[in-house]
Structures are given as structure tokens and as C-alpha cells.
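Hi everyone, thanks for coming.

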Amino acid sequence: MTLSDRQAALYTLFDQLSIPWTTHEHPPVFTVEEGADIKAALPGGHTKNLFLKDKDGQLVLISALGETQIPLKHLHREIGTKRLSFGRPDLMEETLGVTPGSVTLFALINDAETRVRVILDEGLFDHDIVNFHPLSNDATTAVPSDRLEDFVRATGHVAERLDFSAL
């Protein structure tokens, strides 16, 4: 399935779930800092997404506000895993169907085996609208934050919420 087919499937799922969405195309961005100008022009909370793996092979996707500090050295104690490190690009592509720079909560649509554990930053819910890449880093899709868990459930996953600001 091509990227455009996967994006079409994503938008179709949003429509089936009655989740309003808007996508803005832009030049590719690979880091939170690179997207600063784009983010300034788009309303809502902007996100960063981390694909992590623990020493036992458990996969974790963290979706958080872009400015959220995520204490990777100690996070495993908070979420009950072994020490965490960034997942390899080939594993990311195998499980989420995306490449580095395009990691997004929306990639859960590609994890049919539900191998990835999902953790959402409580800070996301402080914004009415939140922005994620729609499976590629050359666009940003805005959705209501109060519908994130509906999306996660529709992909067969369970969303865990964590207040990173309290860590």
C-alpha cells in the first residue's frame, strides 16, 4: 500500500469516527525546531512523538506536546518497563509503517498486530486542537484532542495517559 493509500485510509477512519480533521501541506520537517514557522501559523497544540523500545522488546509510542520534557533515563520506572531507548528505524517502519521524522500517533493505524503501547501526554488535552503528521512529515493534520482516545481505540490500542509535567 502506498503512502497516499495509507493517508486516504487514515482520513477515511477519521470520517467513519466523525472526527473532524484538517490537513495542511508544507515542506518536510524532521525536528520540532525545524517546524517552528509552520507551527506558528497553525492553531492548537503541536506534538512530538517518540518511538521507544525497552530491553525486553516492548515497544512504546509517546505522543506529547512539543515542549514537553520527557525524562527518558527515568521513564521506565514510571511506566513499568525496562530501560528505554529509541527504536530502530527498520522496526519503526515494520510496526508503524513510518520512517524517522514522520513518527505520529496516527501511525497506529498501521500497527494491525497492536505491538505498540501508547502513552499520551496529559498536556495534549489542555488544547482543543492538536496537530500531528499524517504519516509523513510534509503535512500536519489537526484533530480535536478530546477525540484522540477514540482514534486510538479504533486502531485496537489502549491509550494510557501520563502527566509528564508531574515527573
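By class, the lining of the largest pocket splits into 12 nonpolar, 12 polar and 2 charged residues. Nonpolar here covers Ala, Val, Leu, Ile, Met, Phe, Trp, Tyr, Cys and Pro; charged covers Asp, Glu, Lys and Arg; the others, Gly among them, are polar. This is a predicted model, with local features needing pLDDT of at least 70 and side-chain atom pairs pLDDT 80 or more, while totals for chains, interfaces and linings use all residues. Residues are numbered from 1 along each chain as its sequence is written, and side-chain values use heavy atoms, without hydrogens and water.

A pocket is an open set of points on a 1 Å grid over the protein atoms alone, where a 1.4 Å probe fits, with protein on both sides within 12 Å along at least five of seven lines; lining residues have an atom within 4 Å of a point. The largest pocket holds about 500 Å³ of space, the volume filled by probe spheres set on the points, which are joined across faces, edges and corners. Closest to its centre, among 26 lining residues, are Phe 30, Lys 48, Asn 49, Gly 101 and Val 103. Strand 2 gives the largest share of the lining, 6 residues; strands are DSSP runs of E, at least two residues, numbered from the N terminus.

Now, the core. Which residues have the most contacts inside the largest nonpolar core? They are Leu 105, Leu 108, Leu 148 and Phe 151, in a core of 30 residues. Such a core joins buried (under 20% relative accessible area, 1.4 Å probe, protein chains only) Ala, Val, Leu, Ile, Met, Phe, Trp, Tyr and Cys residues through side-chain atoms within 4.5 Å.

How values were computed. Helices (H or I, at least four residues) and strands (E, at least two) are DSSP runs, numbered from the N terminus. Buried means under 20% relative accessible area, exposed over 50%, partly exposed in between (1.4 Å probe, protein chains only).
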